[in-house]
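I opened this model to look up its sheet, its cores and its pocket. My notes follow in the order I took them.

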Amino acid sequence: DLPGLKGGMDHASGPVATPSTSAPSLHGQVRALYPGFTHQQAAEFIAGLRANGTSIEIQLARLNMDFQSLDRSLERWVNGPMSWQRVTETHSVPINAMSRRNAAEIIKRCWQRQTPVTGVAARHLNGYMLDLSGVVIGDLPYLPGDFSHVTAINLSRTYMSQQSVSALVTKCPALCWLNAENNFLSVVPAGIRNLRQLTRLT
């Protein structure tokens, strides 16, 4: 044995085994959930989780479950039967799987914080935008998960019902800008009245 060391190489049966796979780092877990994050954004997100006082691993597990629930809800909706959305007394528009698929992908990207506010709105707002403009979707399904990072929504020409608009904006308490033009809404959706930070409504 070498002086000062207990046990020499004679007792080693071979190289120390190492696991073939290891758990992803916190940064890896965050960037798997939010693939658009830079290293700096992931670090800031982790710092925010740490400030909550709950185990970061538990919070990330909950977020992962939230996203899985959102994905399942949207998949059921996408694969549902084709429907028609009545927009006036005499006119209805078809809601097909392609439109629903487009909307589902936009919603998931928004949840994953890949849709930062851009353009003119970025001069006035931080946060993220849910832009469904021009995607004919009628009624949305229930959307699990947290959308408190959304500060702007564009629903122009989506032909969403009052109930769906109300349910969607209720999920976004930080909403500042909302465009719900050209949807033939006869009244202001109830959920809009509770948006304390709303500064622009069209």
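E4 and E5 pair in the parallel sense over three bridges. Two strands count as paired if DSSP finds at least two bridges between them. Helices (H or I, at least four residues) and strands (E, at least two) are DSSP runs, numbered from the N terminus. Across this pair I found Asn-154 opposite Asn-179 in E5.

Before going on, I noted the ground rules. This is a predicted model, where local features need pLDDT of at least 70, side-chain atom pairs count only at pLDDT 80 or more, and totals for chains, interfaces and linings use all residues. Residues are numbered from 1 along each chain as its sequence is written, and side-chain values use heavy atoms, with hydrogens and water left out.

Next I looked up the whole sheet. It is open, has four strands in the order E3-E4-E5-E6, and its pairing is parallel. E3 and E6 (200–201) each have a single partner strand, so one side of each lacks a neighbour in the sheet.

I then listed the elements. The protein has five helices and six strands. From the N terminus they run α-α-α-β-β-α-β-β-α-β-β.

Which residues touch the most other members of the largest nonpolar core? They are Ile-107 and Ile-153, in a core of 41 residues. A nonpolar core is a set of buried Ala, Val, Leu, Ile, Met, Phe, Trp, Tyr and Cys residues joined through side-chain atoms within 4.5 Å. Buried means under 20% relative accessible area, exposed over 50%, and partly exposed in between (1.4 Å probe, protein chains only). H3 (56–78) gives the most to this core, with eight residues.

Beyond its neighbours within four places in sequence, Ile-153 is in contact (heavy atoms within 4.5 Å) with residues including Leu-130, Leu-168 and Trp-177. Trp-177 also belongs to a second, separate core of seven residues, with Val-117, Ala-121 and Leu-125 among the others.

Last, I checked the largest pocket. A pocket is an open set of points on a 1 Å grid over the protein atoms alone, where a 1.4 Å probe fits, with protein on both sides within 12 Å along at least five of seven lines; lining residues have an atom within 4 Å of a point. Its lining includes Ala-121, Ile-153, Asn-154, Trp-177 and Asn-179. E4 (150–154) and E5 (177–179) each give two or more residues to that lining.
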